[in-house]
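Reader: Hi, could you walk me through this one? I'd like to go place by place and ask as we go.

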Amino acid sequence: MLSSRDPYELQMPIQQNIDQMSFMNMLMEVQELPEKQMANSHAPNLDPEFIDPEVTTALERTKTRPRAIQDMAELLSRCVGDNHSIQISSPARMYPQTVQDSIPYVELLQLFSNDWLDITVIHWFAMYFYESHNSRSAFFNPHHIKGDSCTCTKNSEGVQEHIIDMFMFHTDKTFFLAPYLADNHWTLIIICPSTERGYIIDSISREKDQHSYLLTSVIDEAFGFPFLWDMVNVL
(Lines give C-alpha, C1' and ligand atoms only; values in the text may rest on other atoms or scores of the structure.)
Protein backbone atom coordinates (compact mmCIF):
# COMPACT_ATOMS: atom_id res chain seq x y z
CA MET A 1 0.00 0.00 0.00
CA LEU A 2 1.38 3.41 -0.95
CA SER A 3 1.68 6.03 1.77
CA SER A 4 -0.88 8.85 1.57
CA ARG A 5 1.84 11.23 2.76
CA ASP A 6 3.95 10.66 -0.33
CA PRO A 7 3.63 13.79 -2.53
CA TYR A 8 4.58 11.73 -5.59
CA GLU A 9 2.26 8.83 -4.86
CA LEU A 10 1.13 7.05 -7.99
CA GLN A 11 -2.62 7.44 -8.19
CA MET A 12 -4.42 4.52 -9.81
CA PRO A 13 -8.12 4.73 -10.69
CA ILE A 14 -10.42 2.44 -8.72
CA GLN A 15 -12.50 1.87 -11.82
CA GLN A 16 -11.97 2.99 -15.39
CA ASN A 17 -14.81 3.14 -17.87
CA ILE A 18 -13.51 3.43 -21.42
CA ASP A 19 -15.82 4.77 -24.09
CA GLN A 20 -15.74 2.50 -27.12
CA MET A 21 -14.96 5.46 -29.36
CA SER A 22 -12.28 7.02 -27.13
CA PHE A 23 -9.55 4.77 -28.50
CA MET A 24 -10.56 5.59 -32.08
CA ASN A 25 -10.69 9.28 -31.28
CA MET A 26 -7.19 9.13 -29.86
CA LEU A 27 -5.87 7.63 -33.08
CA MET A 28 -7.60 10.30 -35.08
CA GLU A 29 -6.18 13.05 -32.85
CA VAL A 30 -2.67 11.65 -33.29
CA GLN A 31 -3.14 11.71 -37.05
CA GLU A 32 -4.34 15.33 -36.89
CA LEU A 33 -1.55 16.73 -34.68
CA PRO A 34 0.28 19.67 -36.27
CA GLU A 35 3.17 18.57 -38.44
CA LYS A 36 5.66 20.49 -36.29
CA GLN A 37 4.67 18.37 -33.30
CA MET A 38 4.55 14.95 -34.92
CA ALA A 39 5.30 14.59 -38.59
CA ASN A 40 3.48 11.76 -40.33
CA SER A 41 3.98 10.44 -43.81
CA HIS A 42 3.03 7.33 -45.70
CA ALA A 43 5.90 5.21 -46.93
CA PRO A 44 5.46 4.44 -50.61
CA ASN A 45 4.66 0.90 -51.58
CA LEU A 46 7.60 -0.07 -53.77
CA ASP A 47 5.73 -3.11 -55.04
CA PRO A 48 2.07 -2.22 -55.70
CA GLU A 49 1.34 -5.79 -56.78
CA PHE A 50 2.40 -7.20 -53.42
CA ILE A 51 -0.44 -8.32 -51.15
CA ASP A 52 0.58 -9.32 -47.64
CA PRO A 53 -1.41 -12.43 -46.65
CA GLU A 54 -1.42 -11.22 -43.03
CA VAL A 55 -3.19 -8.06 -44.18
CA THR A 56 -5.86 -10.08 -45.95
CA THR A 57 -6.41 -12.26 -42.87
CA ALA A 58 -6.53 -9.27 -40.52
CA LEU A 59 -9.00 -7.41 -42.74
CA GLU A 60 -11.29 -10.43 -42.76
CA ARG A 61 -11.09 -10.71 -38.98
CA THR A 62 -12.01 -7.04 -38.46
CA LYS A 63 -15.39 -7.80 -40.07
CA THR A 64 -16.32 -9.69 -36.88
CA ARG A 65 -15.34 -6.80 -34.58
CA PRO A 66 -17.55 -3.94 -33.31
CA ARG A 67 -18.73 -1.42 -35.87
CA ALA A 68 -16.40 1.33 -34.60
CA ILE A 69 -13.38 -0.92 -35.17
CA GLN A 70 -14.65 -1.88 -38.63
CA ASP A 71 -14.97 1.81 -39.49
CA MET A 72 -11.39 2.53 -38.40
CA ALA A 73 -10.07 -0.47 -40.33
CA GLU A 74 -11.89 0.75 -43.44
CA LEU A 75 -10.42 4.22 -42.96
CA LEU A 76 -6.94 2.74 -42.64
CA SER A 77 -7.52 0.64 -45.74
CA ARG A 78 -8.41 3.74 -47.75
CA CYS A 79 -5.63 5.96 -46.36
CA VAL A 80 -2.78 3.52 -45.86
CA GLY A 81 -3.73 0.38 -47.71
CA ASP A 82 -1.64 1.21 -50.78
CA ASN A 83 1.40 1.78 -48.58
CA HIS A 84 3.33 -0.61 -46.40
CA SER A 85 3.84 1.64 -43.37
CA ILE A 86 3.30 5.00 -41.71
CA GLN A 87 6.40 7.02 -40.84
CA ILE A 88 6.24 8.99 -37.58
CA SER A 89 8.59 11.39 -35.80
CA SER A 90 8.87 12.06 -32.09
CA PRO A 91 7.53 15.38 -30.77
CA ALA A 92 9.94 18.19 -29.94
CA ARG A 93 12.01 17.52 -26.80
CA MET A 94 10.65 14.03 -26.22
CA TYR A 95 14.18 12.74 -26.83
CA PRO A 96 17.54 14.53 -27.10
CA GLN A 97 17.29 14.03 -30.87
CA THR A 98 14.26 13.50 -33.09
CA VAL A 99 13.48 9.80 -33.40
CA GLN A 100 11.86 8.28 -36.48
CA ASP A 101 9.75 5.14 -36.38
CA SER A 102 7.81 3.15 -38.94
CA ILE A 103 4.46 1.54 -38.16
CA PRO A 104 3.66 -1.32 -40.52
CA TYR A 105 0.13 -1.17 -41.87
CA VAL A 106 -0.37 -4.82 -40.97
CA GLU A 107 0.44 -4.08 -37.30
CA LEU A 108 -2.31 -1.46 -37.15
CA LEU A 109 -4.71 -4.04 -38.53
CA GLN A 110 -3.46 -6.62 -36.01
CA LEU A 111 -4.29 -4.15 -33.27
CA PHE A 112 -7.89 -3.92 -34.45
CA SER A 113 -8.36 -7.54 -35.42
CA ASN A 114 -6.42 -9.45 -32.75
CA ASP A 115 -5.70 -6.88 -30.00
CA TRP A 116 -1.97 -7.30 -30.64
CA LEU A 117 0.25 -4.34 -29.78
CA ASP A 118 3.38 -3.99 -31.86
CA ILE A 119 6.26 -2.03 -30.34
CA THR A 120 5.90 0.66 -33.02
CA VAL A 121 2.26 1.20 -32.04
CA ILE A 122 3.18 1.51 -28.36
CA HIS A 123 5.87 4.01 -29.34
CA TRP A 124 3.24 5.99 -31.26
CA PHE A 125 0.98 6.07 -28.21
CA ALA A 126 3.90 7.24 -26.06
CA MET A 127 4.48 10.12 -28.48
CA TYR A 128 0.82 11.07 -28.19
CA PHE A 129 0.74 10.95 -24.39
CA TYR A 130 4.00 12.88 -24.11
CA GLU A 131 2.14 15.82 -25.63
CA SER A 132 -0.48 15.75 -22.84
CA HIS A 133 -1.05 19.11 -21.19
CA ASN A 134 1.05 19.75 -18.06
CA SER A 135 2.49 16.25 -18.15
CA ARG A 136 5.01 15.50 -15.41
CA SER A 137 6.22 12.42 -17.24
CA ALA A 138 8.89 11.48 -19.74
CA PHE A 139 9.14 8.22 -21.70
CA PHE A 140 11.97 5.84 -22.31
CA ASN A 141 12.15 4.65 -25.90
CA PRO A 142 10.55 1.16 -25.90
CA HIS A 143 12.95 0.01 -28.63
CA HIS A 144 15.93 0.69 -26.33
CA ILE A 145 14.67 -1.09 -23.22
CA LYS A 146 12.90 -4.21 -24.51
CA GLY A 147 13.59 -7.55 -22.86
CA ASP A 148 16.37 -8.87 -25.09
CA SER A 149 18.28 -5.60 -24.63
CA CYS A 150 18.65 -6.36 -20.91
CA THR A 151 19.90 -9.93 -21.19
CA CYS A 152 23.67 -9.46 -21.26
CA THR A 153 26.20 -7.02 -19.84
CA LYS A 154 27.03 -5.36 -23.16
CA ASN A 155 23.40 -4.80 -24.08
CA SER A 156 22.34 -3.71 -20.59
CA GLU A 157 25.04 -1.05 -20.58
CA GLY A 158 23.35 0.49 -23.61
CA VAL A 159 20.00 0.39 -21.77
CA GLN A 160 21.56 2.06 -18.74
CA GLU A 161 23.05 4.77 -20.93
CA HIS A 162 19.64 5.49 -22.47
CA ILE A 163 18.01 5.63 -19.04
CA ILE A 164 20.53 8.11 -17.65
CA ASP A 165 20.53 10.19 -20.84
CA MET A 166 16.75 10.56 -20.57
CA PHE A 167 16.93 11.35 -16.86
CA MET A 168 19.52 14.08 -17.45
CA PHE A 169 17.59 15.44 -20.43
CA HIS A 170 14.29 15.70 -18.52
CA THR A 171 15.34 17.21 -15.20
CA ASP A 172 11.93 18.92 -15.03
CA LYS A 173 9.99 15.65 -15.06
CA THR A 174 8.83 13.74 -12.00
CA PHE A 175 7.98 10.36 -13.49
CA PHE A 176 9.70 8.29 -16.18
CA LEU A 177 7.57 5.72 -17.97
CA ALA A 178 9.02 2.57 -19.47
CA PRO A 179 6.72 0.57 -21.79
CA TYR A 180 8.54 -2.73 -21.39
CA LEU A 181 8.19 -5.64 -23.81
CA ALA A 182 9.54 -9.02 -22.70
CA ASP A 183 8.46 -12.53 -23.70
CA ASN A 184 5.73 -11.08 -25.96
CA HIS A 185 4.06 -9.35 -23.02
CA TRP A 186 3.76 -5.65 -22.21
CA THR A 187 4.39 -4.21 -18.76
CA LEU A 188 4.46 -0.56 -17.76
CA ILE A 189 7.28 0.31 -15.38
CA ILE A 190 7.24 3.78 -13.82
CA ILE A 191 10.05 5.31 -11.80
CA CYS A 192 10.23 8.43 -9.65
CA PRO A 193 13.97 9.04 -9.13
CA SER A 194 13.44 11.88 -6.64
CA THR A 195 11.78 9.48 -4.20
CA GLU A 196 13.73 6.38 -5.32
CA ARG A 197 10.49 4.52 -5.93
CA GLY A 198 9.37 2.38 -8.82
CA TYR A 199 5.97 1.00 -9.81
CA ILE A 200 5.24 -2.07 -11.92
CA ILE A 201 1.90 -2.33 -13.71
CA ASP A 202 1.42 -5.81 -15.14
CA SER A 203 -1.90 -7.37 -16.13
CA ILE A 204 -0.57 -10.84 -15.28
CA SER A 205 1.44 -10.02 -12.17
CA ARG A 206 0.35 -12.97 -10.03
CA GLU A 207 3.31 -14.45 -8.12
CA LYS A 208 5.65 -11.84 -9.61
CA ASP A 209 7.88 -9.26 -7.94
CA GLN A 210 10.52 -6.80 -9.17
CA HIS A 211 12.96 -9.65 -9.76
CA SER A 212 10.66 -11.02 -12.46
CA TYR A 213 11.65 -8.12 -14.74
CA LEU A 214 15.16 -7.70 -16.09
CA LEU A 215 14.63 -3.98 -16.58
CA THR A 216 14.22 -3.24 -12.87
CA SER A 217 17.74 -4.44 -12.05
CA VAL A 218 19.11 -2.49 -15.01
CA ILE A 219 17.40 0.65 -13.69
CA ASP A 220 18.88 0.06 -10.22
CA GLU A 221 22.33 -0.34 -11.73
CA ALA A 222 21.95 2.77 -13.89
CA PHE A 223 21.14 5.00 -10.91
CA GLY A 224 23.53 3.29 -8.52
CA PHE A 225 20.94 2.58 -5.83
CA PRO A 226 18.05 0.15 -5.39
CA PHE A 227 14.60 1.56 -6.01
CA LEU A 228 11.76 0.62 -3.69
CA TRP A 229 9.57 -1.34 -6.06
CA ASP A 230 5.79 -1.72 -5.76
CA MET A 231 3.59 -4.08 -7.74
CA VAL A 232 0.46 -2.05 -8.62
CA ASN A 233 -2.82 -3.94 -8.51
CA VAL A 234 -4.61 -3.82 -11.86
CA LEU A 235 -8.37 -3.92 -11.40
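This is a predicted model: local features need pLDDT of at least 70, side-chain atom pairs count only at pLDDT 80 or more; totals for chains, interfaces and linings use all residues.

Reader: Thanks! Which ring does Phe223 pair with?

Author: The structure holds eight aromatic pairs. In one of them, the ring centres of Phe167 and Phe223 are 5.1 Å apart and the planes sit at 75°, so this pair is edge-to-face. The pairing rule takes rings of Phe, Tyr and Trp (its six-membered ring) with centres within 6.5 Å; planes under 30 degrees apart are stacked, over 60 edge-to-face and the rest tilted.

Reader: And why does that pair tie together separate parts?

Author: Phe167 belongs to helix H7 and Phe223 to helix H8, so the pair links parts that are 56 residues apart in sequence. Helices here are DSSP runs (H or I, at least four residues), strands are too (E, at least two), and both are numbered from the N terminus.

Reader: How accessible is Phe167?

Author: Phe167 counts as partly exposed, at 27% relative accessibility. Phe167 and Phe223 also belong to one aromatic cluster with Phe140, Phe176, Phe225, Phe227 and Trp229.

Reader: Nice. New topic: where is His170, and is it buried or exposed?

Author: His170 is in the loop between helix H7 (153-169) and strand E5 (175-182). With a relative accessible area of 1%, His170 is buried.

Reader: What does His170 touch?

Author: Leaving out residues up to four places away in sequence, His170 touches Arg93, Met94, Tyr130, Ala138 and Phe176. Contact here means heavy atoms within 4.5 Å. A polar atom of the His170 side chain lies 3.3 Å from the backbone oxygen of Arg93.

Reader: Which ring does Arg93 lie over?

Author: Arg93 lies over the face of Phe169, at 4.6 Å from the ring centre. The test for a charge over a ring is NZ of Lys or CZ of Arg within 6 Å of the ring centre and within 35 degrees of the ring normal.

Reader: Let's do strands. How many residues of E5 are buried?

Author: Seven of the eight residues of E5 are buried, so to speak "mostly covered". Strand E4 (residues 137-139) runs parallel to E5, joined by three bridges, and Ser137 stands opposite Phe175 in E5. Strands count as paired if DSSP finds at least two bridges between them.

Reader: And which way does E6 run against E5?

Author: E5 and strand E6 (residues 185-192) run antiparallel and are joined by seven bridges. Ala182 stands opposite His185 in E6. The hairpin of E5 and E6 has two residues between the strands, and Asp183 there takes a positive phi near 55°.

Reader: Which other residue has a positive phi, say just after H4?

Author: That is Asp115, with a phi of about 60°. Most residues other than glycine have a negative phi. Asp115 sits in the loop between helix H4 (105-114) and helix H5 (119-130), and at 54% relative accessibility it counts as exposed.

Reader: What about H4 itself, why call it largely enclosed?

Author: Nine of the 10 residues of H4 are buried, so the rest of the structure largely encloses H4. Among them are Tyr105, Glu107, Gln110 and Ser113.

Reader: And Glu207, where does that lie?

Author: Glu207 lies in the loop between E7 and helix H8 (214-223). Its phi is near 60°, also positive, and Glu207 counts as exposed at 78% relative accessibility.

Reader: Last one: which elements have the lowest and highest mean pLDDT?

Author: Strand E1 (residues 40-44) has the lowest at 50, and strand E7 (residues 197-201) the highest at 97. pLDDT is the predictor's confidence in each residue, from 0 to 100. The chain mean is 80, with 77% of residues reaching 70 or more. Over residues 10-24 pLDDT stays under 50, and the model has 18 contacts beyond four places in sequence for that stretch.

Methods. Residues are numbered from 1 along each chain as its sequence is written. Side-chain values use heavy atoms; hydrogens and water are left out. Buried means under 20% relative accessible area, exposed over 50%, partly exposed in between (1.4 Å probe, protein chains only). A polar contact is a pair of N or O atoms within 3.5 Å; within protein, one must be able to donate a hydrogen and the other to accept it, and residues adjacent in sequence count only if both atoms are side-chain atoms.
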